[in-house]
Amino acid sequence: MLPSRNLPSDVKTELNSIAKKLVANGKGILAADESVGNVGKHFSEIGVENTTENRRLYRQLLVTTAPDIAPYISGVILFEETLYQKTDNDVLFVNVLRDNGIIAGIKVDKGLSPLDGTENETTTLGLDDLDERCSKYKRDGADFAKWRCTLRISDKTPTRKALLENANVLARYADICQQNRIVPIVEPEVLTEGDHNLERSRTVAENVLNHVFAALSDFGVYLPGILLKTQMVLPGNTCPFKFTTEDIAAATTEALSSRVPAAVPGVVFLSGGQSEEDATVNLNSINALQSCHCKPTADHERCKCDNTPAFPWKLTFSFGRALQASVLRAWSGKKESVELAKGELLKRCRANSLATQGDYEPGSIPTFAGNVNLYTANHNY
Ligand code: 5MM
């Protein structure tokens with residue numbers, strides 16, 4: 001098998017075109033690929049039983065909002081079960097998305113597993129049969145995939161062992177996806193647990209990205225056909241110091257600038273336990289650094305900018321919790337609340353779309369759970 005960077009040019013063109021569509025102007029990704037256990041945690045908070053049918057009903061609510069959210073959402077990441085589920089009208093969810101111009105993606109990792117010989121560090125499972133699964137998922141309508149590895153910050157971590165292992169696993173996954181004409185979203189998530197400050201968070205982010213891009217290069221991954229999914233650079237969740245959204249945006253873009261090659265079409269951020277509003281405001285601050293926000297013509301003449309983006313990659317969202325917290329609370333498992341919940345999803349999608357342009361006015365689009373802290377201890381399943 002040739003390395004992905006030597007794939008035929010039509011395959012590379014297809015991969016690059018999918019990746020670029022996923023980060024098209026004003027659009028981002030809805031991460032709705034929670035594994036069964038994780039859905040159970042969310043459902044228990046709203047008093048809904050974690051059954052296959054309730055998961056289908058909830059995902060149906062998300063997917064059938066497609067006609068409204070399509071201007072803001074380029075892709076939806078599904079869990080394997082969801083890829084094969086249908087609406088009440090017997091239409092596959094994947095077809096509902098496709099008919100509205102939204103690309104279907106799939107979570108292909110099989111979850112985290114302890115990394116032997118480390119203190120609480122992990123690797124991610126799922127490589128063994130990945131090639132066969134990817135070939136099937138592509139046939140069944142998935143054009144992109146996601147694989148999440150996690151790293152944690154403490155006095156002793158991340159260890160070199162964890163950095164190398166997770167980078168290699170992500171690179172093998174990415175290579176296998178590309179061989180199957182699937183765009184891999186490469187997700188090395190540094191968890192927010194800890195009392196570390198912003199500076200420590202930034203240096204760890206840089207170290208992780210160094211390892212990941214070295215491995216992607218070693219494994220011959222075709223960079224114009226991937227997306228990077230990563231955390232914003234935030235202080236640890238128990239850090240005693242406060243940082244502004246501008247500090248967070250500066251630390252995040254600094255870490256990315258020094259480590260992410262220009263060939264990567266986009267960086268899609270996870271929300272990482274931030275409230276819906278914080279995630280949107282921080283995404284907005286990040287994108288405010290991407291370009292001058294003068295308006296065309298008149299203002300351009302005043303500031304003399306040529307409106308060239310500051311960074312070579314698009315900076316958008318691939319939020320899970322920060323797109324769904326209000327939806328879940330509004331829905332609460334009730335048929336009569338489906339429309340209300342769809343409205344909450346639409347509002348969050350619009351807010352985040354504005355944030356990808358640096359045009360979101362904080363507090364301007366309130367939602368049910370906009371300010372609820374969505375931190376999950378040990379987001380390790
Ligand atoms: C949506 O949740 C994804 C799947 O989670 P589990 O496999 O842990 O159930 C998850 O990978 C998610 O995409 C990332 O954690 C980012 O989500 P947040 O909620 O941080 O935006």
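**Exercises on strand β6**

In this predicted model, strand β3 (residues 103-107) and β6 pair in the parallel sense over 3 bridges.

**Exercise 1.** Find the neighbours of β6 in the sheet, and name a residue pair for each.

Solution. 
- Step 1. Start with β3, whose pairing with β6 is parallel. Here K107 stands opposite K146 of β6.
- Step 2. Go on to strand β7 (residues 183-190), which pairs with β6 in the parallel sense over 8 bridges. Within β7, P184 is the bridge partner of A145.

**Exercise 2.** Decide whether β6 is largely enclosed, and check each face.

Solution. 
- Step 1. Recall that side chains in a regular strand alternate between the two faces of the sheet.
- Step 2. Sort the residues by face. F144, K146, R148 and T150 lie on one side, while A145, W147, C149 and L151 lie on the other.
- Step 3. Apply the cut-off for buried, under 20% relative accessible area. Both sets are buried, so both faces of β6 are covered.
- Step 4. Conclude: 8 of the 8 residues of β6 (residues 144-151) are buried, so the strand is largely enclosed by the rest of the structure.

**Exercise 3.** Locate W147 in the largest nonpolar core, and list the contacts of F269.

Solution. 
- Step 1. The core has 113 residues, and W147 and F269 are among those with the most contacts inside it. Helix α8 gives the most to this core, with 10 residues.
- Step 2. Leaving out residues up to four places away in sequence, F269 touches residues including M232, L256, L283, I286, L315 and F319.

Terms used
Residues are numbered from 1 along each chain as its sequence is written. This is a predicted model: local features need pLDDT of at least 70, side-chain atom pairs count only at pLDDT 80 or more; totals for chains, interfaces and linings use all residues. Side-chain values use heavy atoms; hydrogens and water are left out. Buried means under 20% relative accessible area, exposed over 50%, partly exposed in between (1.4 Å probe, protein chains only). Helices (H or I, at least four residues) and strands (E, at least two) are DSSP runs, numbered from the N terminus. Two strands pair if DSSP finds at least two bridges between them. A nonpolar core is a set of buried Ala, Val, Leu, Ile, Met, Phe, Trp, Tyr and Cys residues joined through side-chain atoms within 4.5 Å. Contact means heavy atoms within 4.5 Å.
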